[in-house]
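The structure is shown first, and the notes follow by topic.

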Amino acid sequence: MKLNLLSQRIFMARPYFGPVLERRRYAFSSSASAPTWEGGVSMVQGASRGIGLEFVRQLLERNDKGYIVATCRNPSGAPGLLELKNKFPERLDIHQLDLTVESTMEDSAKSIIDKYGSLNLLINASGVLSIPNAMQPETTLSKVQRSSLLLAYDINAVGPILVIKHMWPLLKAGGGSGTDKDFAVVVNLSARVGSIGDNSLGGWHSYRASKTALNQLLQ
């Protein structure tokens, strides 16, 4: 199957260090055997708080017919997400997914297959810049640690591409069915600091490198 891939990036004026949307549009027809869900089926990975949680909220409130699958590492510790579940019990499903444990991605994919059989939108929203007592943004080269580099790469680059890998059959099955689009959409949150050519400030080595890797993995 030949796929026509269109890349679109949104860049912010310097000195912006926040997320950048990198969207992939995969133009393929939905499978004739896949069920069509009015309003479409969307998945938000990293939905416990921040931008991911807001994506879930907006998808639920702006489309009163769409279905949302929200995943995060610890659903029981995500009060905002649980509040949305109480408000939209029929249209929101919550699954546990840990970007460092591939089996949780497989389990989520199986659950989506069993209930919906397809996906029309995948948003990879999670990422890590710092973790108390484990990982902090490096302000000098002397603060770079192997553990931080590997952890940032695991969560910011490896995890998202593996999620796409496991959701790929669902996206192919869904295409744009039930929506106003002709294709399925994959959205990944990158960052301006992941740009090699635009790096004049230095620092944040682990985060910068992992976001650069994410951009390359999605080319």
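Predicted model: local features only at pLDDT ≥ 70, side-chain atom pairs only at ≥ 80, totals over all residues.

Strands β3 (residues 41–45) and β4 run parallel and are joined by 5 bridges.

**Strand β4 and its partners**

- S42 has I68 in β4 as its bridge partner.
- Between β3 and β4 the chain passes through helix α1 (residues 50–62), and this β-α-β crossover is right-handed.
- On to the next pairing: β4 is also joined to strand β5 (residues 92–96) by 5 bridges, and these two strands run parallel.
- In this pairing, A70 stands opposite I94 of β5.
- Strand β4 (residues 67–72) is mostly covered, with 5 of its 6 residues buried.

**Salt bridges**

- The model has 7 salt bridges.
- Within helix α1, R57 and E54 are 3 residues apart, which means that about one helical turn separates them; their side chains form a salt bridge with an N to O distance of 3.2 Å.
- Both of these residues are partly exposed: R57 has a relative accessibility of 25%, and E54 has a relative accessible area of 34%.
- E61 and K87 form another salt bridge, with their closest N and O atoms 3.6 Å apart.
- Because E61 belongs to helix α1 and K87 to helix α2, this pair ties together parts that are 26 residues apart in sequence.
- E61 is partly exposed at 43% relative accessible area, whereas K87 is exposed at 54%.
- D93 and K115 meet through their side chains in a salt bridge of 3.0 Å, N to O.
- D93 is in strand β5 and K115 in helix α3 (residues 102–115), so the pair links parts that are 22 residues apart in sequence.
- D93 is buried, with a relative accessible area of 10%, while K115 is partly exposed at 44% relative accessibility.

**T212 in helix α5**

- T212 lies in helix α5 (residues 205–217).
- Its relative accessible area is 17%, so T212 counts as buried, the cut-off being under 20%.
- The T212 side chain reaches the backbone oxygen of R208 at 2.9 Å.
- Apart from neighbours within four places in sequence, T212 is in contact with G194 and I196.

Technical notes:
Residues numbered from 1 in each chain as written. Heavy atoms only, no water. Helix = DSSP H or I, 4+ residues; strand = E, 2+ residues; numbered from the N terminus. Buried < 20%, exposed > 50% of the residue type's maximum accessible area, 1.4 Å probe, protein only. Polar contact = N/O pair within 3.5 Å; in protein donor to acceptor, adjacent residues only side chain to side chain. Contact = heavy atoms within 4.5 Å. Pairing = 2+ DSSP bridges. Right-handed = clockwise from strand over helix to strand, strands pointing away. Salt bridge = Lys/Arg side-chain N within 4 Å of Asp/Glu carboxyl O.
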